[in-house]
Amino acid sequence: MHETYGTMAPTGELLTRIACVQRALTAAQAAAVARGRAQHETHASLAVHLAMSPDHFRKKFSKEYLHRTLGNYANPWKEHGLLDGKGADGLPGHEPSLPRAQKCSERRAPDRLRAALSHATRRSQATQRTLAQAIKRHPSYVSRLLSGEKPLHWPYVQAFARTLGIAERLLLPLYNVAADIEPPPGTDPVAYLRDYLGGLLLASGHTRQTLNDALTGTLTPATLREALDGPRIPNWGVHEQLAAALFSLPSDMRPLWQAAYHHAAVQAHITKPSSLHAEHFG
C-alpha cells in the first residue's frame, strides 16, 4: 500500500481500502473453512491453522455463520451488491465491519481533492519540501494537509496547483464540492462540469486511455469523449457511470450535471435557426 499510494495518500482512502480487504479476507477465510468441512476435515485439524481451540473454532465457524458470510458476500470494489449493514435475516450487525456510510468504490469529496494533489505530486516527483516552500510551512504540515489531519483551504490548493503545474480550474470544482460551496457567479455550468470531470480524472489516477479501458463494454469511446469534451452533454446515465468509474459519489455530480444539461438545452434553443424569414420582422 505504501508503494501504491505513497506517504501522502489521504488516510481515509487507505482505511476504506483496508476495510475492503478485511471484508474480502473474512469471506475467503469462511470459504476455506467451508471447503475443509466439505472435504470432511475435522474441526480440530482446521483449528490448529488458525491458532484456535477446537471448541472456539466450532463456535465461530458455525453453519449459520458460514451461510451468512458467504451468502451475502459481494465484491467490495464493485458498484453493485454493496454492504448495507444487514445480515441474511435482515438484522443489523451480522456483516464483517466496514464503514456503512461510504462504499468501497467511492471517496468522500475532501478525499478526492487530496487524492488529486497526491497523484499530481507523485507524477511531478515534487517533494514535500517543495510544496512546503510554496505555502511557507514545514514539510510535516504538508503531510498533515494531504492526509486530512489539517483543513485544506483554497489558498493552499492554489499554491500547490501552481507548484505542480495543475490548472486551478480543475481543482476548484473539487474544492467547492468538498466545502459545499456553490459555483462562482457567472460560471459556465457546462465548462464547470467538464472541469469537475477533469479533476476527478486526476484524483482517480486514471488517464483518458485507462478510463476508456475501464469502461469498455459500458460506454463507447465516442460517448466518453463527448462527456469529457463535448459538444453535447450526455444523459445522466452516462455521468452516473463516470461517477462510479472515477470513485465519486453520484449525489455530488448530479447537481452539476443538472445545471450543465439545462444550460446546454437553453443554449441550443436560443441558437436554433428561426423558421421565419427576415421580411416577417419588417
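User: Are Phe61 and Tyr65 buried or exposed?
Analyst: This is a predicted model, in which local features need pLDDT of at least 70, side-chain atom pairs count only at pLDDT 80 or more, and totals for chains, interfaces and linings use all residues. Residues are numbered from 1 along each chain as its sequence is written, and side-chain values use heavy atoms, with hydrogens and water left out. A residue is buried under 20% relative accessible area, exposed over 50% and partly exposed in between, with a 1.4 Å probe and protein chains only. On that scale, both Phe61 and Tyr65 are buried.

User: What kind of aromatic pair do Phe61 and Tyr65 form?
Analyst: Rings of Phe, Tyr and Trp (its six-membered ring) pair if their centres lie within 6.5 Å, and planes under 30 degrees apart count as stacked, over 60 as edge-to-face and the rest as tilted. A search of the whole structure finds 6 aromatic pairs. In the pair of Phe61 and Tyr65, the centres are 5.8 Å apart and the planes are 80 degrees apart, which makes the pair edge-to-face.

User: How many residues apart in sequence are the parts that the pair of Trp154 and Tyr175 ties together?
Analyst: Trp154 and Tyr175 form a tilted aromatic pair, 5.4 Å centre to centre with 45 degrees between the planes. Helices (H or I, at least four residues) and strands (E, at least two) are DSSP runs, numbered from the N terminus. Trp154 lies in helix α9 (residues 154–164) and Tyr175 in helix α10 (residues 168–179), so this pair ties together parts whose separation in sequence is 21 residues.

User: The charged end of which residue sits over the ring of Phe61?
Analyst: Ring pairs link Phe61 with Phe57 and Tyr65 into a cluster. A charge sits over a ring if NZ of Lys or CZ of Arg is within 6 Å of the ring centre and within 35 degrees of the ring normal. Over the ring of Phe61, 5.3 Å from its centre, sits the charged end of Lys60.

User: How far is Arg137 from the ring centre of Tyr141?
Analyst: Tyr141 belongs to helix α8 (residues 139–147), where the buried residues are Pro139, Tyr141, Val142, Leu145, Leu146 and Ser147. Just after this helix, Gly148 takes a positive phi of about 95 degrees. Arg137 lies over the face of Tyr141, and its distance from the ring centre is 4.4 Å.

User: Which helices are included in what covers the buried residues of α13?
Analyst: Helix α13 (residues 221–229) has Leu224, Glu226, Ala227 and Leu228 as its buried residues. The cover over these buried residues includes α11 (189–204), α12 (208–214) and α14 (236–245).

User: Which two residues does a cis peptide bond join, with omega at about 10 degrees?
Analyst: Most residues other than glycine have a negative phi, and most peptide bonds are trans. Helix α13 is followed by Gly230, whose phi is positive, near 95 degrees, and Pro231 has its place in the loop between α13 and α14. The cis bond, with omega at about 10 degrees, joins Gly230 and Pro231.

User: Where is Gln125 found?
Analyst: Although Gln125 is not a glycine, it has a positive phi of about 60 degrees. Gln125 counts as exposed because its relative accessible area is 70%. Its place is the loop between α6 (109–124) and α7 (128–135).

User: With which residues is Ala243 in contact, leaving aside its neighbours within four places in sequence?
Analyst: Ala243 lies in helix α14, and it counts as buried because its relative accessibility is 0%. Contact means heavy atoms within 4.5 Å. With neighbours within four places in sequence left aside, the contacts of Ala243 are Ser248, Pro250 and Met253.

User: Which helix gives the most to the lining of the second largest pocket?
Analyst: On a 1 Å grid over the protein atoms alone, a pocket is an open set of points, with protein on both sides within 12 Å along at least five of seven lines, while a cavity is a set of points where a 1.4 Å probe fits but cannot get out; lining residues have an atom within 4 Å of a point. The second largest pocket has a volume of about 260 Å³, where grid points are joined across faces, edges and corners and the volume is the space filled by probe spheres set on the points. Of the 14 residues that line this pocket, the closest to its centre are Ile181, Glu182, Pro183, Pro255 and Leu256. Helices α10, α11 and α15 (250–270) each supply at least two residues of the lining, and the helix that gives the most, with 4 residues, is α15.
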